[in-house]
Amino acid sequence: MKWKNCISAFVILTSAISVQSPSSSPVSAAGTIAGPVISEVAWMGTTIDANDEWVELYNPTNEVIELDGWTLKASDGTPTVQLSGSISPGDTYLLERTNDYTVPGITADQIYTGALSNTGEILELIDGANQTIDTISSWYAGDSASRATMERISPSGSGDDPQNWQTATVNYDAGFGTPGTVSGTSNGQPEQLNNISNEAGAINVYFNKSALTQFATPGNSANYNVNLENRLINRINEATESIDIATYEINLPNVVNALIEKAAAGVTVRMIADAKPLSDAEHDARYELMKLYLEKLTRGKDGAVNTADDVHIFSDSIIFAVEDSTKRSQYNLPQSGYQDFTLRTVSVGSGSQTGHMLVDGESKDTNAYYSPDDQMHNKYLIIDGKWVFTGSWNFTTTGLYGTDENRESGILDGNSNHSIELHSTELSSIYKTEFDEMWGSTDLQPNPEVSNFGSRKTDNTPHQVTVGGKVIEVYFSPGDNAVPKMNETIETSADQSAYFSIFAWSDQALVDTLKVKWEGSPQDMEGTLTGFDIKGVFDDSFWNMWWSASVDMTGRTASQTSTNNPNTRWNNPAPVYMDKESRKLHHKYFIIDADTSSDPLVITGSTNWSTNGNDVNDENALWIHDLSITNQFKQEFMARYEQAGGAIQ
């Protein structure tokens, strides 16, 4: 099995995201993926023997699925297989015909008898309650001459959609196919979901790139090569009451569609989106794309504004609808539908703008809005007041796939990122307080006059909770001084080591604290090694910027300085490296005293270690005091570090 687009929302990838799920998709009435699907069929047998047929199932849910009482059967009664055992989240279940030699080198989960017809079969997967979970009515792909299997493209797309199947092109020992492979994810490497729990108090960490599990403590292998979109959509699909989402950017059609489906099912969906400044070449194209998707969300499943199925959206400044008819047509929006929104002329910062208001924002006066130069840089969701989903990953194509073509092929060649989800009503309540402060109210309708973003926010939440017996600290920016708190933590609590992976770092106090840890002196070109272990990877975008911590830490002379960024060079250059990722290194995490008894800790979230990250942008950051979680981050860090050129032991 090699997904082309892994877990989609409810339909195959398409710009027409308001299309409903086909009835044979594995989706329950509440919109949640109900269970395993038929993922690959070798109806033609193998190059060894045409009778060596096999079928593979895949579990795209977050739950272990017990298969006792389930049946896989063909319409003519042959084969009819009474299933047994279980499938873990993100895992496969291989059924081999006749014996375990059918697929060389891979142990079958179950042996069955009965031949598949080469001219086509109706296959049904039926659960223990006699509910049909998945159906295939024909062989939509595969090739008998080359013995190439029929592979499903999207597990949540219909089994009866011919476009949701492809003929395998990956060679294995007996033809073309991917038996036993979870998903084609990071550069063709299989997804590894090793530690997932849905219990109260669970903390699940997902990395979209590789990890080095030789650094794992027993039973603690990290989740890596993970399609973060799948994990997010699974959580969205499980919502029954409410979803609050604060997102810097969003342009993944399947995530958008999942939110639309949930709103249509009666789940309250509130979204805070970041407005972008005008005439910013870096953001203009992505911002326009996001606005097209925001309009889809605002219209809901029925395509009409101001109806019960709408997603409710608010921003840090006003957002106007896209009026370009070609682009509206491309995204299946009504040609003149922007006129469904109120035409307004308002002041934004020191200028004036006119347009059809798609999304209202924090208002500083009547018809007046703050300039959107500052960023609402969060990327978190609160689901049913139970789960918090956050991390470094923006919900975008570049953030995970890199390109639209990669997204359509399920190739994770985007920025290096991670997501973390925590099952805690107490932590969810803290995040909701922060969300409501920006929203301006606690209910469905935002209040622009009461709303506060950026420096207008207050420090109004608790900063420590316990999640599953683990101490968690949480800080929001601005107001909570997350970066100074990070500096204080390292100064007082880091005893043996500090490893980090960072996109942008300009905070000088944090650099100087680490210099003292590393070589005992805060002074330029002074110090002797103390034995404290430092390792780090910087995104290459900022490696040579004069203000970057990378310049000081490697003992280089900066091209300029400032009061806030003196060039305090390290006398003993630290083993820190410019990344060699295929795209951006977008992480923002510190790992403190990993694999020790000295309060192992990981600091992570959306916050870059800069003045903007602490004093200007809306951000969130977590301190997770736990040996196992810290060790999982270390596994991912060591992969980034080795790839960047660092020596590992």
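# Questions on a predicted model

Me: In this predicted model, which residue's side-chain oxygen reaches the backbone nitrogen of Ser 628 at the start of H12?
Reply: Look at the start of helix H12. There, a side-chain oxygen comes to within 3.2 Å of the backbone nitrogen of Ser 628. That oxygen belongs to Asp 626.

Me: How far apart are the end C-alpha atoms of helix H12?
Reply: Helix H12 covers residues 627-644, which is 18 residues. At 1.5 Å a residue, H12 should span 26 Å.

Me: Is H12 largely enclosed or largely open, and how many of its 18 residues are buried?
Reply: A residue counts as buried when its relative accessible area is under 20%. Most of H12 passes this test, so the helix is largely enclosed by the rest of the structure. The number of buried residues is 14.

Me: Which residue just after H12 takes a positive phi?
Reply: Step just past the end of H12. The phi angle there is about 120°. The residue is Gly 645.

Me: Is Asn 220 buried or exposed?
Reply: Asn 220 is in the loop between strand E15 (203-207) and helix H1 (228-238). Its relative accessibility is 5%. The cut-off is under 20%. Asn 220 therefore counts as buried.

Me: With which side chain does the side chain of Asn 220 make a polar contact?
Reply: Leave aside the neighbours within four places in sequence. Asn 220 is then in contact with Asn 195, Ser 628, Asn 631, Gln 632 and Gln 635. One of these gives a side-chain polar contact at 2.9 Å, and that partner is Gln 632.

Me: Is Asp 173 buried or exposed?
Reply: Asp 173 lies in the loop between strand E13 (171-172) and strand E14 (175-176). Its relative accessibility is 61%. Exposed means over 50%. So Asp 173 counts as exposed.

Me: Which residues does Asp 173 touch, not counting those up to four places away in sequence?
Reply: Asp 68 is 105 residues away along the chain, and its C-alpha atom is separated from that of Asp 173 by 31 Å. A contact needs heavy atoms within 4.5 Å. The residues that Asp 173 touches are Thr 47 and Pro 104.

Me: What is omega for the cis peptide bond that joins Ser 477 and Pro 478?
Reply: Pro 478 sits in the loop between strand E28 (470-477) and helix H8 (482-493). Another cis peptide bond joins Thr 78 and Pro 79, with omega about 0°. For Ser 477 and Pro 478, omega is about -15°.

Me: Is Asp 595 buried, partly exposed or exposed?
Reply: Asp 595 is in the loop between strand E32 (588-592) and strand E33 (601-605). It has a positive phi of about 60° although it is not a glycine. Its relative accessibility is 32%, and the middle class runs between 20% and 50%. So Asp 595 counts as partly exposed.

Me: How many nonpolar residues are in the lining of the second largest pocket?
Reply: This pocket has a volume of about 420 Å³. Of its 19 lining residues, the closest to the centre are Thr 298, Asn 306, Ile 313, Met 357 and Leu 358. Strands E18 (312-315) and E21 (351-359) each supply at least two lining residues. The lining has six polar residues, three charged and, as the number asked for, nonpolar 10.

Key:
Residues numbered from 1 in each chain as written. Predicted model: local features only at pLDDT ≥ 70, side-chain atom pairs only at ≥ 80, totals over all residues. Heavy atoms only, no water. Helix = DSSP H or I, 4+ residues; strand = E, 2+ residues; numbered from the N terminus. Expected span 1.5 Å × (residues − 1). Buried < 20%, exposed > 50% of the residue type's maximum accessible area, 1.4 Å probe, protein only. Polar contact = N/O pair within 3.5 Å; in protein donor to acceptor, adjacent residues only side chain to side chain. 1 Å grid on protein atoms, 1.4 Å probe; cavity = no way out; pocket = protein on both sides within 12 Å on 5 of 7 lines; lining within 4 Å. Points joined across faces, edges and corners; volume = space filled by probe spheres on them. Nonpolar A, V, L, I, M, F, W, Y, C, P; charged D, E, K, R; others polar.
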